[in-house]
Amino acid sequence: MSYQALARKYRPQSFADTIGQETAVRTLQNAIEDHRIHHAYLFSGVRGIGKTTIARILAKALNCVRGPAAEPCNECVICREITEGIDMDVREIDAATYTGVDNVRELRDVTQFQPARDRYRIFIIDEAHMLSVASWNALLKLIEEPPPHVVFMFATTEMQKVPATILSRVQKHLLRKITLEELIQRLGRICETEGITADREALEIVARRGEGSVRDALSLLDQVIAFSGRNVTAADVAIVLGLSDTTFFARLLALIGEGDHAAILEALQEAADSGRDFKMLFRDLLGFTRNLLLVAGGANEAMLSASPEDLEVIRETSKQFSYSELLRIANLLLRDDETVNRAEHQRLAVEIALLKAATFPRLRAVEEALSGGAAPEAPKPKPAAAPPRSSKPATEPSSLIDKVTKARPLIGSYLANASMRSDGNKITFTFTDSFAADAVRDARAAIEPIVREVYGDAAQLEIEVQQDQKAAKEQQSSLRDDPVVNAFRKHLGGEVVESRKR
Ligand SMILES: Nc1ncnc2c1ncn2[C@@H]1O[C@H](COP(=O)(O)OP(=O)(O)OP(=O)(O)O)[C@@H](O)[C@H]1O
Ligand SMILES: [Mg+2]
Ligand SMILES: [Zn+2]
């Protein structure tokens, strides 16, 4: 026998076999038992969660020789024919290919006749949001005065595109996404039936990638089984599903840290080969960098909305950098976001942005040479949860920082690492890193309303940069005059942000 896709092979044939849609199922079953049969139903929700499946089971439950019953028997000729899709009284219409008003007129003619054999003449209209306005209008008449023995079942992923006049006349069932745990269990049971061993971790990755859709999870499982046969491991899954974005970004960040220009260009070549959109790639890389900053700053990991395996990669990567290194990289990337967005040659823009970011280690090497010793250690990260504070602020500064972090995560993490004091109405943040100070200044318009919200209408935001020592300042000015450093600045648009004396 030829291979049958798991999603088809395991399409539930009874309500009891569906997962995750208990509310809809119970409502439908109760109504059948109470003989309250509606003439129009609408099932909505994202792809692959049971809309078509439940409509078909309902059609069987209504028409079953032993029905209408809360479950179809799946044995009588009617149940069997509906399952096979050959019952003359149960028609499935794909609105995506059936949009003309003429077809709806034809539908009206058909509804005039009594069912050929079954109890109800049932029309399952899939992808209903694709119907034209004219089709909806024709249908509306049918739904307003339903011919006896006719039942309509609409399925759609986009309920907002269904006209309100229709919505108010159908019984609506909003099907929900399937939870991770439900998906894992379903996948586990199907593997068992298929005689396939799969470890829980493997199933969890597949389920997670399914993003709430049973069909998507099952097609991924198909791919994994095709690759690994009867014994599925997490490692197989990782290979088949391709290295995750997170792994790719971790690699890019590591290369930026190492200043390995050639390898960065190679990685971007791979991305181009696999058809990636560079604008999206850059956005996602920024998101990844933000997550690194949050983790390095000790933020609550729930804020990251990352999966456990991604979180592990994020933690590992953030350990390779000091907080201020991450700040600088993030800042550089952020500065190029606009450029990349507007660029005509997006790949080129991304390449240049990453090479710029990757030049930092080189700059540090210059510093090192000038200070005549090994590279100075970047300051230890200060946990965002407990930012250093000076004098007694009127309100907990963390509430301000939380609010800013919600609106602007990167800016929030900068503030969390600055020291803060309040002096009358003046709220002053002192940065040791002028990059961070600049970024916060740029975001002033967004932050000031929050400052006023937390500290009152008269509150004023001050931003200042304080060098660690006078000596650092002196050394910095000598660095600014240094020809090597200036050459870097000229070529790369960088600037000397800090220098440290050993
Ligand atoms: N709630 C569910 N319980 C069990 N299996 C399900 C469920 N939903 C979907 N499936 C699986 O996914 C397959 C596709 O489901 P179905 O056609 O009902 O999805 P749908 O919601 O209509 O999606 P689409 O919007 O893409 O049409 C089924 O054959 C079945 O294997
Ligand atoms: Mg469907
Ligand atoms: Zn039956």
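What follows is a working chat about a predicted model of one protein chain and its ligands.

Me: What kind of model is this, and what limits apply?
Reply: This is a predicted model, where local features need pLDDT of at least 70, side-chain atom pairs count only at pLDDT 80 or more, and totals for chains, interfaces and linings use all residues. Residues are numbered from 1 along each chain as its sequence is written, chains are lettered from A and ligands numbered from 1 in the order in which they are written, and side-chain values use heavy atoms, with hydrogens and water left out.

Me: How many helices and strands in the chain?
Reply: The chain has 25 helices and 10 strands. These are DSSP runs, numbered from the N terminus: helices are H or I with at least four residues, strands are E with at least two.

Me: What share of the residues is buried?
Reply: Of the 502 residues in the chain, 48% are buried. Buried means under 20% relative accessible area, exposed over 50%, and partly exposed in between, with a 1.4 Å probe and protein chains only.

Me: And the accessible surface of the chain, what does it come to?
Reply: About 24,500 Å², with 51% belonging to carbon and sulfur atoms. Areas come from the Shrake-Rupley method with a 1.4 Å probe; for residues, only the protein chains shown count as cover.

Me: What percentage of the contacts join residues at least 24 apart?
Reply: Among contacts between residues at least 6 apart in sequence, the figure is 72%. Contact means heavy atoms within 4.5 Å.

Me: On to the metal. Which protein donors does the zinc ion (ligand 3) have?
Reply: Cys64, Cys73, Cys76 and Cys79, each through SG, lying 2.3 Å from the zinc ion. Donors are N, O and S atoms within 2.8 Å of the metal (3.2 Å for Na, K and Ca); water is not among the atoms, so sites may look incomplete.

Me: What spacing do those donors follow along the chain?
Reply: C-x8-C-x2-C-x2-C. Cysteine 64 and cysteine 76 are 12 residues apart, both in the loop between helix H3 (51-63) and helix H4 (77-84).

Me: What is the geometry at the zinc ion?
Reply: Tetrahedral, with angles of 101 to 120° among the 4 donor atoms. Four donors count as tetrahedral if all angles lie between 85 and 135 degrees.

Me: Switching to ligand 1. How many residues surround it, and which are the closest?
Reply: Ligand 1 is surrounded by 20 residues, the closest being Ala7, Gly48, Lys51, Thr52 and Thr53. A residue counts if one of its heavy atoms lies within 4 Å.

Me: Which backbone atoms come up against ligand 1?
Reply: A polar backbone atom of alanine 7 is 2.6 Å from a ligand oxygen. A backbone N or O atom of glycine 48 is 2.8 Å from an oxygen of ligand 1. For glycine 50, a backbone N or O atom lies 2.9 Å from a ligand nitrogen. The protein buries 95% of the 620 Å² that ligand 1 exposes when taken alone.

Me: Where is threonine 156?
Reply: In strand E4 (residues 150-156). Threonine 156 counts as buried because its relative accessibility is 1%. A polar atom of its side chain lies 2.8 Å from the backbone nitrogen of glutamate 158. Beyond neighbours within four places in sequence, its contacts include Lys51, His129 and Val162.

Me: And threonine 428, where does that lie?
Reply: In strand E9 (residues 426-431). Threonine 428 is buried, at 2% relative accessible area. Leucine 461 is 33 residues away in sequence, yet the C-alpha atoms are 6.1 Å apart. Leaving out residues up to four places away, threonine 428 touches Ser419, Met420, Arg421, Glu462 and Glu464.

Me: Last topic, backbone angles. What is phi at histidine 35?
Reply: About 60°, a positive value although histidine 35 is not a glycine. Histidine 35 is in the loop between helix H2 (22-33) and strand E1 (40-44). At 68% relative accessibility, histidine 35 is exposed.

Me: And histidine 149, what is phi there?
Reply: Near 70°, again positive in a residue other than glycine. Histidine 149 lies in the loop between helix H6 (133-144) and E4. Its relative accessibility is 33%, so histidine 149 counts as partly exposed.

Methods
Tetrahedral: all angles 85-135°; square planar, octahedral: opposite > 155°, others 65-115°. Polar contact = N/O pair within 3.5 Å; in protein donor to acceptor, adjacent residues only side chain to side chain.
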